[in-house]
Amino acid sequence: MGFALSSHADIVTKWSATVSDTWVSGSFASGVTLSNSNQTLSWGDPDGFGQSSLTVANAPADETVKTFIGGGSPPPESTAAGGTLTHHNVPIFNSPMTGATLNSTLNLTALAPPSAGPGTLSPINFNIAFLETPNVAGQCPAASPPNNPCNDIFVLLNGFFNQTFTYLGSSYFVNIFPTSGGVLSILEPSACAAVHAVNSAAPATGCFGFTTPEDATTTLTFGFTISTLPLSVPEPGTIALVGLALLGLAVARRRIQVR
């Protein structure tokens, strides 16, 4: 696949975009239930507060987003709202939840110059590992607020939603990343080891993800860009855009292999 824009191709400068997110049926353990048009997972025996749940919500349909010509830091006008991921964390017993797969699909229509395509891109599967921690202060594998039971832990297994596509002779990069809410970061070794113990797909060290406090609702809000080059936007102390930098490294490796 060529990543440089063809000199004779017309670059699409504006798109109408719709993002659709759903949980993949069968990607989670028995005892986790799927509802709300495949957008909510619920689990655990309630302790008077209902079940814990994980809900995805789509961004408004037919958003307009401008193509970012180049790489580096995208300007606000080239970042559109993506979906949200919300964890409703309540005290429960007997949690079967250890991980799940989120399916994200982007549908694009070219607005400038106007065109019918490229339509629905190939869906991307986004895998997470999860640990429902014991609600006992002092026995927490991840840092937790004082006088509060242990935070639950999410580990991202395959980076962010990044993909490339070619349309009318030009190549584009789609990048979806967190813009607000819970902070993604490299987790402490004890947190990684604890998640790995219940889901071996998670790395035992050097994992990255986020944690959510007990008896609270935490929401991650995502945005997305369409660019003509891979994006790499550093954000010290977090992993909010490291996925983009890793994508750039992967592209560099492909170029080296081709040469």
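Cysteine 192 and cysteine 207 form a disulfide, with 2.0 Å between their sulfur atoms. The model is predicted. It holds 2 disulfides and 7 aromatic pairs. Serine 227, a buried residue at the end of this briefing, sits at 0% relative accessibility.

- The torsion about the S-S bond is -95°, and the link of cysteine 192 and cysteine 207 is left-handed.
- This pair links distant parts of the chain, 15 residues apart.
- Cysteine 192 is in helix α1 (residues 189–198).
- Cysteine 207 is in the loop between α1 and β16 (208–212).
- Cysteine 192 and cysteine 207 are both buried.

- Cysteine 140 is joined to cysteine 150 by a disulfide, S to S 2.0 Å.
- The link of cysteine 140 and cysteine 150 is left-handed, with -85° about the S-S bond.
- Both cysteine 140 and cysteine 150 lie in the loop between β11 and β12 (152–156), so the pair ties together parts 10 residues apart in sequence.
- Cysteine 140 counts as partly exposed because its relative accessibility is 27%.
- Cysteine 150 has 0% relative accessibility, so it counts as buried.
- Counting bonded cysteines along the chain, the disulfide pattern is 1-2, 3-4.

**Aromatic pairs**
- The count of aromatic pairs comes to 7.
- One of them is tryptophan 15 with phenylalanine 165: edge-to-face, 5.7 Å centre to centre, 80° between the planes.
- That pair links distant parts of the chain, 150 residues apart: tryptophan 15 is in strand β1 (residues 14–23) and phenylalanine 165 in strand β13 (residues 161–167).
- Tryptophan 15 and phenylalanine 165 are both buried.
- The ring centres of tryptophan 43 and phenylalanine 130 are 5.3 Å apart with planes at 70°, so this pair is edge-to-face.
- Tryptophan 43 is in strand β3 (residues 40–43) and phenylalanine 130 in strand β11 (residues 124–131), so the pair ties together parts 87 residues apart in sequence.
- Tryptophan 43 and phenylalanine 130 are buried.
- Trp15, Phe165, Tyr167 and Tyr172 are linked into a cluster by ring pairs.

**Serine 227**
- Serine 227 lies in strand β17 (residues 216–227).
- Its relative accessibility is 0%, so serine 227 counts as buried.
- A polar atom of the serine 227 side chain lies 2.6 Å from the backbone oxygen of leucine 229.
- Leaving out residues up to four places away in sequence, serine 227 touches Thr67, Phe68, Gly70, Ser171, Tyr172, Phe173 and Asn175.
- Tyr172, one of the residues that serine 227 touches, also belongs to the ring cluster with Trp15, Phe165 and Tyr167.

Definitions and conventions. Residues are numbered from 1 along each chain as its sequence is written. Side-chain values use heavy atoms; hydrogens and water are left out. Helices (H or I, at least four residues) and strands (E, at least two) are DSSP runs, numbered from the N terminus. Buried means under 20% relative accessible area, exposed over 50%, partly exposed in between (1.4 Å probe, protein chains only). A polar contact is a pair of N or O atoms within 3.5 Å; within protein, one must be able to donate a hydrogen and the other to accept it, and residues adjacent in sequence count only if both atoms are side-chain atoms. Contact means heavy atoms within 4.5 Å. Rings of Phe, Tyr and Trp (its six-membered ring) pair if their centres lie within 6.5 Å; planes under 30 degrees apart count as stacked, over 60 as edge-to-face and the rest as tilted. A disulfide is a pair of cysteine sulfur atoms within 2.5 Å.
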